[in-house]
Amino acid sequence: MQLFSPNGINEDFRADLHCHSTFSDGLKSPHELIDLALAIGLRGLSITDHDTTRAYPDALEYAKKKGLLLLNGIEFSAHYQAEPVHVLGYGFCTKSEEIAGLCARHQKRREERNQAILDKLRRLGISILPEELEGVQGTIGRPHIAHLLVVKGIVGSVKEAFARYLAEDKLAYVAGRSVSVEETIEVIHQAQGIAVLAHPHLIKRSTTIRGVLKMPFDGLECYYAHFSIEQVKKWIDLARQKGWFVSGGSDYHGDLKPYNALGSSWVDKERFELLYDRFLAVNFPQKA
Ligand code: AMP
Ligand code: FE
Ligand code: FE
Ligand code: ZN
């Protein structure tokens with residue numbers, strides 16, 4: 001079967017560099033993501049859970065057994081002047097204390113923030129007990145609270161839960177403590193990883209875009225979710241001007257969520273290998 005990239009280049013190697021597992025707000029386990037990736041013909045994948053690397057190293061072993069090239073990855077939450085900005089990290093040292101330390105900080109920040117969101121909801125007459133949020137094995141965030149609001153019949157969908165209560169400036173929104181974009185990039189670099197600005201298309205304020213584009217990123221997630229080639233062109237031109245890596249990923253969260261299908265955005269073999277070679281050199285220097 002011949003496959004074509006969004007810009008018409010014939011490719012038989014595709015790697016989706018952005019998806020979420022049940023260790024954050026995805027609906028599929030890492031094994032299920034790897035099976036699905038292979039079933040739809042992807043050759044490479046990175047699982048990029050919010051603020052955790054708990055899918056690894058088990059997922060690496062499973063992918064190796066199944067013949068899929070799995071690149072280690074993470075999607076860190078950060079803020080620029082109160083606007084959320086997501087930073088993807090790839091190929092970093094899997095034993096990095098700096099990465100583990102930042103994940104632990106996020107875990108703590110999220111516990112406080114989730115509690116503050118539940119407090120706000122309680123004041124609105126909506127009761128969710130902290131134990132109702134337990135049972136998730138990894139990062140717990142607003143999508144899990146949204147899901148509970150649906151289960152309790154308070155809203156009809158996750159989308160409505162965000163629109164009414166959880167999105168920025170809505171009734172139960174809490175920003176929580178923040179970690180800066182600069183610091184996040186620095187941690188990824190300390191761990192010898194590659195820092196990519198996630199989905200710049202979704203950043204709302206022009207001041208945020210201007211500010212973060214001055215930072216020492218290594219790459220820009222140009223191909224993203226459902227955006228067309230016309231919509232991503234500006235980001236590709238920008239990444240090329242800066243000499244940054246042109247990245248791509250679907251941000252797949254599972255079929256029940258209004259996100260794009262796994263494999264809907266991707267990078268080719270040459271670009272995947274730039275990152276994968278870093279992962280091998282940093283983590284398996286004897287083999288590189
Ligand atoms: P958090 O990290 O807890 O602030 O939650 C952010 C995550 O919520 C994002 O990565 C998305 O997966 C999800 N999210 C944000 N906005 C929406 C929305 N309007 N509808 C559904 N999910 C959303
Ligand atoms: Fe998410
Ligand atoms: Fe994101
Ligand atoms: Zn994501």
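**Entry 1**

I am working on a predicted model, in which local features need pLDDT of at least 70, side-chain atom pairs count only at pLDDT 80 or more, and totals for chains, interfaces and linings use all residues. Residues are numbered from 1 along each chain as its sequence is written, chains are lettered from A and ligands numbered from 1 in the order in which they are written, and side-chain values use heavy atoms, with hydrogens and water left out.

I then looked up the iron ion (ligand 3). Its protein donors are Glu75 (OE), His86 (ND1) and His199 (NE2), at 2.1 to 2.2 Å. I took donors as N, O and S atoms within 2.8 Å of the metal (3.2 Å for Na, K and Ca); water is not among the atoms, so sites may look incomplete. The sequence spacing of these donor residues reads E-x10-H-x112-H. Glu75 sits in strand S5 (residues 69-80) and His199 in the loop between strand S7 (194-197) and helix H8 (206-213), so the pair ties together parts 124 residues apart in sequence. Helices (H or I, at least four residues) and strands (E, at least two) are DSSP runs, numbered from the N terminus.

I turned to the iron ion (ligand 2), which is coordinated by Asp25 (OD), His50 (NE2) and His253 (NE2) at 2.1 to 2.2 Å. I noted the spacing of its donor residues as D-x24-H-x202-H. The iron ion (ligand 2) and the iron ion (ligand 3) are 5.7 Å apart. His50 lies in the loop between strand S4 (44-47) and helix H2 (58-66), and His253 in the loop between strand S9 (245-249) and helix H10 (269-283); the pair links parts of the chain 203 residues apart. I checked burial here too: His50 has a relative accessible area of 11% and is buried, and His253 is buried at 3%.

**Entry 1: the sheet**

I traced an open sheet of seven strands with mixed pairing, in the order S3-S4-S5-S6-S7-S8-S9. Strand S3 (15-16) and S9 are the edge strands, each pairing on one side only. Two strands count as paired if DSSP finds at least two bridges between them. S4 and S5 run parallel over four bridges, and Gly44 has Leu69 in S5 as its bridge partner. H8 packs on the sheet and touches S5, strand S6 (83-90), S7 and strand S8 (219-224), its direction making about 125° with that of S5. Contact means heavy atoms within 4.5 Å; axes are lines fitted to C-alpha atoms, for helices over the stretch in contact, and angles run from 0 to 180 degrees between N-to-C directions.

**Entry 2: around S8**

I found six of the six residues of S8 buried. S7 and S8 pair in parallel over two bridges, with Val196 opposite Gly219 in S8. S8 and S9 also run parallel, joined by five bridges, and Tyr223 stands opposite Gly248 in S9. From S8 the chain crosses through helix H9 (residues 229-242) to S9 in a right-handed β-α-β crossover. Right-handed means that, with the strands pointing away from the viewer, the path from the first strand over the helix to the second runs clockwise. S7, H8 and S8 also make a right-handed β-α-β unit.

Technical notes: Buried < 20%, exposed > 50% of the residue type's maximum accessible area, 1.4 Å probe, protein only.
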